[in-house]
Amino acid sequence: MDERSELHAPARARGRLRVLYTAEEIRERTARLADEIRPHYEGKNPLLLGVLKGSFIFLADLARALAIPLEVDFVQLASYGDGTESSGFVRFIHDVERPLAGRHVLVVEDIVDTGTTLAFLLGTLASRQAASVRVVSLLDKPGRRVNQVQVDFAGFTVENLFVVGYGMDHAEAYRHLPDICALEEV
Ligand code: 5GP
Ligand code: MG
């Protein structure tokens, strides 16, 4: 067993975590995504707009894989209610620091599920005169969509599973795992 797998050994011992994508698979997919995204932004100093908290690791890796001049900012959104489902009511906890007018914005999401969060964010960005707005999401669950939002670039398409690791949590746990795992029995 490799040393890092000790990180999630307790949960795995209870049969709750199943690795879907290894750190190596994520790295390879991110490099290919960056190759797909880069031509749209060369010479444009894009603003990578991370949606906290789940996208923080993906954004860090994607920014380095893009390897072009860019800037980074973050928003944090919350949907009212608990559990593993969005409630449908979304609000800002933290907004961007600088105006978006004239900027080429690339929204960086961890996962688009019902699309409720992204629909809210894109709705609010629409009034801010960005030069362009596109979306990259590490994971896409198209089967769960309630709001028909456009994901321009998607890393992996997943079934109706609850995933954790590589930045994504369940009740704030598991964000540090290097792999993307399905959390079963939640
Ligand atoms: P949506 O509004 O599209 O239903 O979901 C938005 C947010 O809910 C995602 O950006 C993500 O933060 C969280 N979310 C949705 N599905 C999952 C999942 O399977 N695992 C985790 N950890 N978070 C999820
Ligand atoms: Mg998110």
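Modeller: Two strands pair if DSSP finds at least two bridges between them. Keep in mind that this is a predicted model.

Biologist: In which sense do strand 1 and strand 9 pair, and over how many bridges?

Modeller: Strand 1 (residues 17–21) pairs with strand 9 in the antiparallel sense, over four bridges. Within strand 9, Ala182 is the bridge partner of Arg18. Strand 8 (residues 163–164) also pairs with strand 9 in the antiparallel sense, here over two bridges. Cys181 of strand 9 is the bridge partner of Val164.

Biologist: Which way do the residues of strand 9 point, and are they buried or exposed?

Modeller: Ile180 and Ala182 point one way from strand 9 (residues 180–183), while Cys181 and Leu183 point the other way. All of them are buried.

Biologist: How do I read a nonpolar core, and which residues of the largest one touch the most other members?

Modeller: In soluble globular proteins, nonpolar side chains tend to be buried together. The largest nonpolar core here has 26 residues, and those touching the most other members are Ile37, Phe58, Leu62, Val136, Leu138, Leu139 and Ile180. Two or more residues of this core come from each of helix 2 (23–41), helix 3, strand 5 (104–112), strand 6 (132–140) and strand 7 (153–157). Apart from it lies another core, of 17 residues, including Val90, Val96, Leu121 and Leu125.

Biologist: What does Val136 touch, leaving out residues up to four places away in sequence?

Modeller: The contacts of Val136 include Leu33, Ile37, Phe58 and Leu62, as well as Leu106, Val107, Val108 and Phe153. Glu109 is another residue that Val136 touches.

Biologist: What should I look for in the backbone angles?

Modeller: Most residues other than glycine have a negative phi, and most peptide bonds are trans. The peptide bond from Leu52 to Lys53 is cis, with omega near -5°. Lys53 sits in the loop between strand 2 (47–52) and helix 3 (56–66).

Biologist: Where is Ala67, and why does it count as exposed?

Modeller: Ala67 is in the loop between helix 3 and strand 3 (71–79). Ala67 counts as exposed because its relative accessibility is 62%, and the cut-off is over 50%. Ala67 is not a glycine, yet its phi is positive, about 55°.

Biologist: What is phi for Glu172?

Modeller: Phi of Glu172 is near 75°, a positive value in a residue other than glycine. Glu172 is found in the loop between strand 8 and strand 9, and counts as partly exposed because its relative accessibility is 47%.

Note on methods
Residues are numbered from 1 along each chain as its sequence is written. Chains are lettered from A and ligands numbered from 1 in the order in which they are written. This is a predicted model: local features need pLDDT of at least 70, side-chain atom pairs count only at pLDDT 80 or more; totals for chains, interfaces and linings use all residues. Side-chain values use heavy atoms; hydrogens and water are left out. Buried means under 20% relative accessible area, exposed over 50%, partly exposed in between (1.4 Å probe, protein chains only). A nonpolar core is a set of buried Ala, Val, Leu, Ile, Met, Phe, Trp, Tyr and Cys residues joined through side-chain atoms within 4.5 Å. Contact means heavy atoms within 4.5 Å.
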